[in-house]
Amino acid sequence: EEILITLSPNPSSGIFTVTAKEEIESIEIYNVLGEKIYKSEMRYKKCEIDLSTQAKGIYFIQVYSEKGTVTKKLIIN
């Protein structure tokens with residue numbers, strides 16, 4: 001069963017909220033070169049992330065929970 005997460009807004013200016021139905025164990029965000037630019041290991045169902053200092057473009061957010069991992073595309077413009 002895939003974990004259900006929402007990124008809003010997406011595209012964003014770099015500040016966005018991750019919301020999940022179940023508890024998130026960790027979040028990692030990568031740029032298009034595959035470089036990890038963000039990591040969080042707090043446990044929550046909702047968090048705000050500020051990437052406004054990053055360059056505009058496409059990023060990939062990986063969300064880990066007990067049910068597995070989901071990857072979503074994040075656009076900063």
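Q: Is E23 buried, exposed or partly exposed?
A: E23 is partly exposed, because its relative accessible area is 36%. Buried means under 20%, exposed means over 50%, and partly exposed is in between (1.4 Å probe, protein chains only).

Q: What kind of model is this?
A: This is a predicted model: local features need pLDDT of at least 70, side-chain atom pairs count only at pLDDT 80 or more, and totals for chains, interfaces and linings use all residues. Residues are numbered from 1 along each chain as its sequence is written, and side-chain values use heavy atoms, leaving out hydrogens and water.

Q: Back to E23. Which side chain meets the one of E23 in a salt bridge?
A: That of R43, at 3.0 Å from N to O. E23 is in strand β2, and R43 is in the loop between β3 (36-40) and β4. The two are 20 residues apart, so the pair links distant parts of the chain. A salt bridge here is a side-chain nitrogen of Lys or Arg within 4 Å of a carboxyl oxygen of Asp or Glu. Strands (E, at least two residues) and helices (H or I, at least four) are DSSP runs, numbered from the N terminus.

Q: How many salt bridges does the structure hold?
A: Six. Another one joins the side chains of K67 and E22, 3.3 Å from N to O. K67 lies in the loop between β5 and β6 and E22 in strand β2, so this pair ties together parts 45 residues apart in sequence.

Q: And is E22 buried or exposed?
A: Buried, since its relative accessible area is 18%. K67 is partly exposed, at 44%.

Q: Which residues are linked in a network of salt bridges?
A: E28, K36, K39 and E41. The side chains of K39 and E41 meet at 3.3 Å, N to O. K39 is partly exposed, at 40% relative accessible area. E41 is exposed, at 59%.

Q: New topic. How many residues does the largest nonpolar core have?
A: It has 19, and those with the most contacts inside it are F16, V18, I27, I29, I49, I61 and V63. At least two residues each come from β1 (5-8), β2 (15-31), β4 (44-50), β5 and β6 (68-76). The largest share, six residues, is from β2. A nonpolar core is a set of buried Ala, Val, Leu, Ile, Met, Phe, Trp, Tyr and Cys residues joined through side-chain atoms within 4.5 Å.

Q: Where does F16 lie?
A: In strand β2. F16 counts as buried, because its relative accessibility is 1%.

Q: What is F16 in contact with?
A: Leaving aside neighbours within four places in sequence, its contacts include L7, P9, C47, I61 and L74. Contact means heavy atoms within 4.5 Å. I61, for its part, touches residues including V18, I27, V70 and K72, with those up to four places away in sequence not counted.

Q: Which residues form a nonpolar patch on the surface?
A: V32, L33, I58, F60 and I75, with about 450 Å² of accessible area together. Areas come from the Shrake-Rupley method with a 1.4 Å probe; for residues, only the protein chains shown count as cover. Patch residues have over 30% relative accessible area and no salt bridge; like charges are joined within 9 Å, nonpolar side chains (Val, Leu, Ile, Met, Phe, Trp, Tyr) within 5 Å.

Q: Where is I58 found?
A: In strand β5 (residues 57-65). I58 is partly exposed, at 35% relative accessible area.
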